[in-house]
Amino acid sequence: MDTKELELMLAAMVRAGASSLHLIPGQRPCIRVQRRFVQSEHGVLVAAAIDELTRDLMFADHRQRLGRDGQVDVLYVGRNGQRFRTTVFRQETGVALLFQALDADGERMGERGHEFGTTTGRKRRCGWFDGMVLRYRTDETDDGWSGKEG
């Protein structure tokens, strides 16, 4: 997968009003629209294609953090200037990517709630809580915390 394909998927995500784009090895790309996952017509993603894309997204310190912690957040800025919070995480099938658009809602929430770091004074990242993504993400991990009862 190259950045041109990614840009097309991200543009489709924004047009559809989706909250996130999920790129997971062994699955077709999907977006989350109104609490539902919608698969694209794109073919099933292979780990090598996502690894290639991931190499272009991360710096050396990001790669170290991914190796150490199994997950890292990076900022992806599209050619049109749209910004996306990108979570890169390891799964059994390989590295997966989750893109979430950063928009003015988060900035307004932060300003209205006076969300600034007490020591540094930096703005805190704010946005709508996405429980479905959390549930989906925790269901996919094998760290003993599945989010399911019993």
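Predicted model: local features only at pLDDT ≥ 70, side-chain atom pairs only at ≥ 80, totals over all residues.
## Overall make-up

The protein has five helices and six strands. Reading from the N terminus, the elements follow the order α-β-β-β-α-α-β-β-β-α-α. Of the 150 residues, 34% count as buried. If you look at contacts with a separation of 6 or more, 38% of them come from residues 24 or more positions apart.

Let's begin with helix H1, which covers residues 3-16. Just after the helix comes Gly17, with a positive phi of about 75 degrees.

Which residues of H1 are buried? They are Leu6, Glu7, Met9, Leu10 and Met13. These residues cover an arc of only 165 degrees around the axis, so they sit on the same side of H1. An α-helix has 3.6 residues a turn, so residues three or four places apart point the same way. On the other side of H1, the exposed residues are Lys4, Leu8 and Arg15.

The side chain of Glu5 makes a polar contact of 3.1 Å with that of His42. In sequence Glu5 and His42 are 37 residues apart, while their C-alpha atoms are 9.9 Å apart in space.

## The nonpolar core

The largest nonpolar core is made of 25 residues. Those with the most contacts inside this core are Leu6, Leu10, Leu21, Leu23, Val88, Leu97 and Phe99. At least two core residues come from each of H1, E1, E2, H2, E4, E5 and E6. Two of the residues named here, Leu6 and Leu10, were already met among the buried residues of H1.

Leaving aside residues up to four places away in sequence, Leu23 touches Met1, Leu6, Met9, Pro29, Leu45, Ile50, Leu53, Ala96, Leu97 and Phe99.

Ser20 belongs to strand E1. Is Ser20 buried or exposed? Its relative accessible area is 0%, which is under 20%, so Ser20 is buried. The side chains of Ser20 and His22 are joined by a polar contact of 2.9 Å.

E1 and E2 run antiparallel and are joined by three bridges, with Cys30 of E2 as the bridge partner of His22. The two strands form a hairpin with six residues between them, and Gly26 in the turn has a positive phi of about 85 degrees.

Within E2, Cys30 and Arg32 point one way, Ile31 and Val33 point the other way, and all are buried. On to the next pairing: E2 runs antiparallel to strand E3 (residues 36-39), with four bridges between them. Cys30 takes part here too, with Gln39 of E3 as its bridge partner. E2 and E3 also form a hairpin, with two residues between them, and Gln34 in that turn has a positive phi of about 45 degrees.

Notes. Residues numbered from 1 in each chain as written. Heavy atoms only, no water. Expected span 1.5 Å × (residues − 1). Buried < 20%, exposed > 50% of the residue type's maximum accessible area, 1.4 Å probe, protein only. Arc of directions from axis to C-beta. Polar contact = N/O pair within 3.5 Å; in protein donor to acceptor, adjacent residues only side chain to side chain. Core = buried A, V, L, I, M, F, W, Y, C linked by side-chain atoms within 4.5 Å. Contact = heavy atoms within 4.5 Å. Pairing = 2+ DSSP bridges.
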